[in-house]
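Here is a walk through one protein model, from its overall make-up to single residues. Keep the sequence and the 3D view open while reading.

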Amino acid sequence: MGGTAEREPAVAERPESLADLLGGRRGAVDATLPPVAFTLGWLLTGRSIAGGVAAAVLVGTAVAGWRLRRGDRPRSVLVGLLAVCVAALIALYTGRAADFFLVQLFSNAASALVWVVSIVVRRPLLGVLVGVALRQRGRWRRDRALLRAYARGSWVWAATYALRVAVFLPLYLGGQVVALTVARAALTWPLVAAALTVSWVVIRRSLPAGHPGLRHPVTPDGR
């Protein structure tokens with residue numbers, strides 16, 4: 001009225017979550033397909049390692065092609081396919097089906113160690129990953145509140161890798177291939193989804209009231 005239209009209040013945007021910034025769930029689903037294919041191929045061919053390997057490599061190649069078509073980075077696609085091929089070669093060499101999961105076991109143990117070390121040296125890996133995604137370089141490390149929040153959130157991820165090792169190791173030692181496959185599926189994408197959600201909640205609750213959020217680190221020099 002009177003030539004001045006009163007603007008409606010803007011609808012508050014939903015805060016970005018770690019899932020928005022990092023993704024991860026889709027890739028985790030893709031990662032479960034070759035192990036499932038290996039076990040199905042192994043069972044359907046009378047517990048033949050070659051049959052399981054052929055199924056895993058075939059599915060791994062198909063997943064790699066699909067990921068490239070949808071625009072995933074070639075390097076990450078090739079790393080994923082290489083991991084499948086290495087696992088297949090190990091199983092072929094040893095003649096033990098459970099050894100197909102050996103790469104996964106070692107990679108989870110190494111990842112747990114890397115996440116813990118990153119927290120101890122005050123470069124929490126969660127902050128590094130989000131900082132890269134947001135092109136912040138090292139600005140987030142100059143924000144003490146954000147550094148502390150990322151450290152706490154990183155413990156969630158370290159715990160997920162430690163949990164996988166705790167589950168996979170006895171199954172691997174017992175040669176329980178089907179149980180390893182079930183555990184791999186159950187502790188891949190559902191665990192990634194849970195870690196994304198829980199670590200995001202931890203970060204949000206760790207930041208003081210009024211903090212502008214992940215995109216806006218509060219640095220001493222204001223830069």
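Does arginine 47 count as buried or exposed? With a relative accessibility of 57%, arginine 47 counts as exposed, because the cut-off for that class is over 50%. Arginine 47 belongs to the loop between H2 and H3. Its phi is positive, at about 60 degrees, although the residue is not a glycine.

The structure in view is a predicted model. Its protein chain has 9 helices and 0 strands, so the order of elements from the N terminus reads α-α-α-α-α-α-α-α-α. The chain counts 223 residues, and 41% of them are buried. In soluble globular proteins, nonpolar side chains tend to be buried together. The largest nonpolar core in this model has 24 residues, and those touching the most other members are Phe38, Phe100, Val177 and Leu180. Two or more residues of this core come from each of these elements: helix H2 (25-44), helix H3 (49-69), helix H4 (74-94), H5, helix H7 (144-173) and helix H8 (177-186). Another core, of 22 residues, lies apart from it; Ala112, Val130, Ala145 and Leu147 are among its members.

Beyond its neighbours within four places in sequence, phenylalanine 100 is in contact with Pro34, Pro35, Phe38, Ala56, Val84, Ala87, Ala88 and Ala91.

In one of them, phenylalanine 38 and phenylalanine 100 are stacked, with 4.2 Å from centre to centre and 5 degrees between the planes. Phenylalanine 38 sits in helix H2 and phenylalanine 100 in the loop between H4 and H5, so this pair ties together parts that are 62 residues apart in sequence. Ring pairs also join Phe38, Phe100 and Phe101 into a cluster.

A further pair is formed by tryptophan 140 and tyrosine 150. Their ring centres are 5.4 Å apart and their planes stand at 90 degrees, so the pair is edge-to-face. Tryptophan 140 is in the loop between H6 and H7 and tyrosine 150 is in helix H7, 10 residues apart. Tryptophan 140 counts as buried because its relative accessibility is 2%, and tyrosine 150 is buried with a relative accessible area of 0%.

The next step is a pair of helices. Two packed helices are described by the angle between their axes and the distance between the axes. For helix H5 (residues 102-120) and helix H6 (residues 125-133), the axes come within 8 Å and cross at roughly 90 degrees. H5 is therefore roughly perpendicular to H6. Which residues make the contact? On H5 they are Val114, Trp115 and Ser118, and on H6 they are Leu125, Leu126 and Leu129. Sorted by class, this contact of H5 with H6 has 5 nonpolar residues, 1 polar residue and no charged residues.

Two more single residues round out the tour. Threonine 39 is placed in helix H2. Its relative accessibility is 5%, so threonine 39 counts as buried. Apart from neighbours within four places in sequence, threonine 39 is in contact with Phe101, Val177, Val178 and Thr181. Alanine 55 is 16 residues from threonine 39 in sequence, and their C-alpha atoms are 8.6 Å apart in space.

The other residue is arginine 67, in helix H3. Is arginine 67 buried or exposed? Arginine 67 has a relative accessible area of 15%, and because the limit for burial is under 20%, it is buried. Leaving out neighbours within four places in sequence, arginine 67 is in contact with Asp30, Asp72, Ser76 and Val77. Arginine 67 is thus buried at 15%, whereas arginine 47 is exposed at 57%.

How values were computed: Residues numbered from 1 in each chain as written. Predicted model: local features only at pLDDT ≥ 70, side-chain atom pairs only at ≥ 80, totals over all residues. Heavy atoms only, no water. Axes fitted to C-alpha atoms, helices over the stretch in contact; angles between N-to-C directions. Helix = DSSP H or I, 4+ residues; strand = E, 2+ residues; numbered from the N terminus. Parallel < 35°, antiparallel > 145°, perpendicular 65-115°, else oblique. Contact = heavy atoms within 4.5 Å. Nonpolar A, V, L, I, M, F, W, Y, C, P; charged D, E, K, R; others polar. Core = buried A, V, L, I, M, F, W, Y, C linked by side-chain atoms within 4.5 Å. Buried < 20%, exposed > 50% of the residue type's maximum accessible area, 1.4 Å probe, protein only. Phe/Tyr/Trp six-rings, centres within 6.5 Å; stacked < 30°, edge-to-face > 60°.
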